[in-house]
Amino acid sequence: MDFLKKIISPKQKAAAPADTNADKKTQKRIIVVDGDPNTNWYKIFEGCKDSQGVPVRIEQTGWSDMLLSAYSNGSCFVDIRASKHSIPGTSMAKNRSCKPDLILIRSQTRELANDYRNLLFGLKYAGVVGVNSLESIYNFFDRPWVFSELIKIQRRLGSEAFPLIEQNYYSNHSEMLITPQYPIVVKVSHSHAGYGKVKLDNHHQFEDIRSLVALHKEDYATAEPFIDGEYDLRIQKIGNVIRAFKRISLSGNWKTNTGSSMIEQVPVTDRYRLWVEEASKMFGGLDICAVDAIHAANGKEYILEINDTAIGLCPETEHEDHLLMRDICMRKLLEVNSIPSAIYPINNNNNDQIASSSSSSSPPSSPSNSNSKENLKTNPASDFNVETNTSSDSLKEDVNENLNTNTITTTSANTIASSLDANLNVDANTSFDTANISPTNTNIKTNSNSNLNIGIEANSNTVSELKVESASDETKNDNFEKKIVIEDKGENQPTNVEKKEEESE
């Protein structure tokens with residue numbers, strides 16, 4: 001033993017892993033869908049911890065290496081294959097499985113030849129939090145759907161404030177009759193990065209492209225005027241940080257997003273800020289987005305489109321932008337972990353570690369945030385304070401939201417809800433531990449000296465019986481756990497309320 005003590009230095013002892021099995025079970029997991037090995041998200045998230053002080057685990061992969069199964073109880077299990085282009089020293093080189101709490105999507109879900117919507121459906125099915133939101137990513141599958149939202153903004157703000165380019169939509173080739181003034185640009189289907197786009201100078205060329213669209217009867221097409229641009233504009237918004245760039249093509253191609261180009265950061269004017277702030281509100285809000293526009297040779301500017309979470313970044317600001325994305329993920333993870341819900345219940349022993357997401361723009365316990373420990377403390381008067389004086393209205397909402405249909409025998413859920421809403425009276429001074437309301441049954445914990453009075457008025461069609469049972473709580477003294485069980489007793493039966501209370505052992 002003395003020999004072993006000599007060869008193991010104190011530094012080696014400190015380097016030993018300190019994670020326990022309990023920490024691994026509670027460890028939050030973030031999947032980053034980014035198959036680019038040049039971006040190391042493991043390094044970007046290094047040192048980040050959740051509200052319980054447990055390090056966050058990162059899994060980086062591409063859509064093509066993912067498989068998943070999801071269940072209606074909120075469970076989601078993702079199997080990730082080893083990447084062919086893995087980052088050295090990371091888990092990308094091996095097969096692994098995880099249950100994600102959040103997913104950051106930095107790759108197109110619907111590519112030119114690949115469609116990964118089935119994976120997005122599974123993530124949504126299990127209620128996994130996404131950046132951007134899974135709802136917004138779903139809405140970005142097709143360009144015309146997104147363009148319709150831009151049209152709404154233009155109608156509200158006016159064409160001067162929001163100069164959206166003119167565009168025609170054709171559901172299939174048979175409707176491709178009326179076009180804008182030539183030259184025009186025709187875009188076919190949902191493709192990105194310059195694919196499916198062609199410049200046409202006259203109606204003869206338009207007829208040729210129309211005949212090609214006819215081969216794909218399910219494909220739609222759009223047509224818009226070709227703008228002889230001096231340079232392209234991109235107004236980028238990540239979180240609350242807005243940047244503006246101009247891009248000048250060096251290859252001479254009219255598709256300025258292909259070939260060589262020069263990118264330069266420019267000041268963000270009030271006009272540019274308005275564009276991206278208004279566009280970022282669509283589909284419930286976009287955490288990451290960019291408005292693409294063109295500055296014409298005549299000095300006019302036209303908005304072309306908006307891109308979401310898979311936007312390309314300027315090399316000069318790429319690292320800062322990645323840190324901003326990391327901060328967004330950590331804030332969302334903290335929000336989910338802070339609010340009592342069916343998926344993420346709160347442990348009362350760690351209430352003082354819950355943080356408000358609006359207190360800081362940087363992630364909790366991030367190495368770049370020196371005051372992370374202070375930021376993890378919740379204001380006692382905040383909305384996340386667990387011990388509150390619950391009013392009868394708020395209790396009704398909690399009961400209605402957390403009522404488990406598994407405890408109902410034959411009475412319909414609608415009849416029970418109407419009965420509860422009819423006569424639910426609770427002492428306004430009752431103190432409830434909202435963090436321990438279970439998603440699988442209606443358990444309400446109250447202090448022993450509080451009064452809980454619940455009455456149900458008989459419905460004309462169905463009469464239910466409400467039993468309030470109390471069981472001792474071994475974890476807290478002088479507390480009782482009251483379980484509400486509703487049973488159908490058939491028609492024309494009286495309503496009885498029985499209360500049984502047993503003192504805590």
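Here are a few exercises on this predicted model, each with a worked solution. Residues count from 1 along each chain as its sequence is written, local features need pLDDT of at least 70 and side-chain atom pairs pLDDT 80 or more, while totals for chains, interfaces and linings use all residues. Side-chain values use heavy atoms, with hydrogens and water left out.

**Exercise 1. Work out how strand β6 sits between its partners and which way its side chains point.**

Step 1: Helices (H or I, at least four residues) and strands (E, at least two) are DSSP runs, numbered from the N terminus. Strand β6 covers residues 102–105.

Step 2: find the partners. Two strands pair if DSSP finds at least two bridges between them. Strand β1 (residues 29–33) is joined to β6 by four bridges, and the two run parallel. On this pairing, I31 stands opposite I103. Three bridges join β6 to β7, again a parallel pair, and here L102 faces V129.

Step 3: follow the chain. From β6 it passes through helix α5 (residues 117–125) to β7, in a right-handed β-α-β crossover. Right-handed means that, with the strands pointing away from the viewer, the path from the first strand over the helix to the second runs clockwise.

Step 4: sort the side chains. L102 and L104 point one way, I103 and I105 the other, and all are buried. Buried is under 20% relative accessible area, exposed over 50%, and partly exposed in between (1.4 Å probe, protein chains only).

**Exercise 2. Locate the two cis peptide bonds, V131 to N132 and Y182 to P183.**

Step 1: check omega. For V131 and N132 it is about -5 degrees; for Y182 to P183 it is near 0 degrees.

Step 2: N132 is in the loop between β7 (129–131) and α6 (134–139). P183 belongs to the loop between β8 (168–170) and β9 (184–188).

**Exercise 3. Are S189 and F283, with their positive phi, buried or exposed?**

Step 1: read phi. Neither is glycine, yet S189 has phi near 65 degrees and F283 near 55 degrees.

Step 2: S189 is in the loop between β9 and β10 (197–200), F283 in the one between α9 (270–279) and β15 (288–296).

Step 3: apply the cut-off. S189 counts as buried because its relative accessibility is 16%, and F283 does so because its value is 17%.

**Exercise 4. Why does K84 count as exposed?**

Step 1: find K84 in the loop between β4 (76–80) and β5 (96–98).

Step 2: K84 is exposed because its relative accessible area is 81%.
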